[in-house]
Amino acid sequence: MTEGVLNVTVTRGKDIPEKKYEIFVLLKSDVNRQQFKTKLVKTSNPVWNETFVFYTISCSGNISVKLCGKGRLRAHNLGSVNIPLSELLDGKPLKKWYKLEEKKNSNTEAGQIKLKLHYPKKEKEETKEKPKVHDLYTFGKVLGQGGFSVVKLGTLKSTGEEFAIKIVDKASLAKKNDLHLLPVSYTHLRAHETP
């Protein structure tokens with residue numbers, strides 16, 4: 001696990017009111033557009049044990065957890081809780097039961113949900129620091145520009161070999177709530193065997 005990855009495990013629920021439909025948990029990040037859904041179950045004490053990975057630059061914002069019932073036409077919100085990620089700044093896994101807040105204008109109990117959340121701290125490297133890109137390459141003209149990146153001509157100082165270098169502005173990516181696009185871009189570059 002590395003910094004920038006939030007792991008959320010939906011373990012189980014308890015004291016969920018009996019309903020006529022199957023239930024699932026919907027997880028959403030308010031920092032980017034990532035969202036995940038557990039499998040459907042039909043019980044008042046469900047067990048999921050499903051882990052989901054959120055990609056994030058920093059441990060900030062909230063994760064919204066909603067317990068939903070699958071109706072014929074739409075999902076029904078049975079209860080929810082917002083979890084501030086600031087609870088995870090120490091880098092230790094957090095296992096906890098969360099009381100689900102009742103739906104507005106409802107006098108029924110919504111139950112509880114047990115989650116395990118972990119945002120690992122980056123371990124300090126005691127080895128030699130990696131060289132900076134600007135120490136290795138000389139940058140030339142702009143070859144292309146996209147929504148969150150610029151591609152420049154780069155010349156490797158040691159060999160004179162030329163490469164197209166993609167420079168990603170992670171800060172603007174986070175502001176636009178498009179952080180989820182970064183792994184897609186990285187995977188695309190890796191598929192083309194770029195250095």
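Q: How much of the protein chain counts as buried?
A: In this predicted model, 34% of the chain's 195 residues count as buried.

Q: And what about the accessible surface, how big is that?
A: The protein chain has an accessible surface of about 12,900 Å². Carbon and sulfur atoms account for 50% of that area.

Q: Okay, how many helices and strands am I looking at?
A: There are three helices and 12 strands in the protein chain.

Q: Which strands make up the open sheet of four, and in what order?
A: The order is β4-β1-β9-β7, and the pairing is antiparallel.

Q: Which ones stand at the edges?
A: Those are β4, residues 47-55, and β7, residues 94-99. Each has a single partner strand, so one of its sides has no neighbour in the sheet.

Q: Let's zoom in on β1. How many bridges does it share with β4?
A: Seven bridges link β4 with β1, which covers residues 5-14, and the two run antiparallel. As one example, Val 5 has Tyr 55 in β4 as its bridge partner.

Q: I also spotted Thr 9. Where is it?
A: Thr 9 lies in strand β1.

Q: Is Thr 9 buried or exposed?
A: Buried, because its relative accessibility is 15% and the cut-off for buried is under 20%.

Q: What is Thr 9 in contact with, beyond its neighbours within four places in sequence?
A: Thr 9 touches Asn 49, Glu 50 and Thr 51, along with Lys 114, Leu 115 and Lys 116.

Q: Last one: of the chain's contacts between residues at least 6 apart in sequence, what share joins residues at least 24 apart?
A: That share is 52%.

Note on methods. Residues are numbered from 1 along each chain as its sequence is written. This is a predicted model: local features need pLDDT of at least 70, side-chain atom pairs count only at pLDDT 80 or more; totals for chains, interfaces and linings use all residues. Side-chain values use heavy atoms; hydrogens and water are left out. Two strands pair if DSSP finds at least two bridges between them. Buried means under 20% relative accessible area, exposed over 50%, partly exposed in between (1.4 Å probe, protein chains only). Contact means heavy atoms within 4.5 Å. Accessible areas come from the Shrake-Rupley method with a 1.4 Å probe; for residues, only the protein chains shown count as cover.
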